[in-house]
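Work through these exercises with the model in view. Try each task before you read its solution.

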Amino acid sequence: MKQLITLFILTVLYCQAGLAQEREKINWISFEQLSDSLDSNPKSVLINFHTEWCAYCRKMHREVFTDPEIVRIVNENYYAVHFDAESRDTVIFDGQVFLNKEYSGRKKGLHELARLFGDRKGKVTVPVTIFLDEEFKVRSRHFEYLSRKKLKELLQQNQ
């Protein structure tokens with residue numbers, strides 16, 4: 001009986017330790033929050049455009065944006081915005097209204113913000129990762145899956 005009680009106590013302690021060490025996450029914010037944040041405390045910006053159907057987008061969020069070092073660098077040095085390129089949300093950013101005018105029910109279309117920031121030769125190909133400086137000027141744009149190694153390099157370069 002003593003062994004059973006000891007095993008139970010060890011199991012409870014192990015589970016509590018696991019919960020206490022829950023992974024840190026990137027502090028994703030909306031475009032509206034970004035506008036307010038840039039006004040009060042300017043710093044670099046990372047914007048990631050994705051879609052629900054994009055396998056590489058899901059992979060980046062599952063494997064890359066959960067890396068503890070990447071989470072730390074982003075949270076310390078960037079405002080991070082994660083935005084669905086096919087969103088139907090109306091977004092007010094910097095005093096302007098942005099929406100998805102292409103949405104028709106059957107066709108999801110692209111949001112104006114995705115077109116504005118993620119357009120390359122008339123197309124938006126997700127995932128798109130964009131780095132902006134404190135004055136909201138584009139430093140670099142990347143139209144591809146970024147591995148942990150590549151994103152870490154870009155985060156260091158674009159601080």
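**Exercise 1.** Find the residues that N48 touches, not counting those up to four places away in sequence.

*Solution.* Step one: apply the cut-off for contact, heavy atoms within 4.5 Å. Step two: list the partners. N48 touches W28, M60, H61, F65, V81, H82, F83, P127, V128 and T129. N48 lies in strand β2; strands (E, at least two residues) and helices (H or I, at least four) are DSSP runs, numbered from the N terminus.

This is a predicted model: local features need pLDDT of at least 70, side-chain atom pairs count only at pLDDT 80 or more, and totals for chains, interfaces and linings use all residues. Residues are numbered from 1 along each chain as its sequence is written, and side-chain values use heavy atoms, with hydrogens and water left out.

**Exercise 2.** Decide whether N48 is buried or exposed.

*Solution.* Buried means under 20% relative accessible area, exposed over 50%, partly exposed in between (1.4 Å probe, protein chains only). N48 has 1% relative accessibility, so N48 counts as buried.

**Exercise 3.** Which side chain makes a polar contact with the side chain of N48?

*Solution.* Look for a pair of N or O atoms within 3.5 Å; within protein, one must be able to donate a hydrogen and the other to accept it, and residues adjacent in sequence count only if both atoms are side-chain atoms. The partner is H82, at 3.3 Å.

**Exercise 4.** Where does pLDDT stay under 50?

*Solution.* pLDDT is the predictor's confidence in each residue, from 0 to 100. The protein averages 88. Residues 17-21 stay under 50. Where pLDDT is low, the predicted coordinates should not be read in detail.
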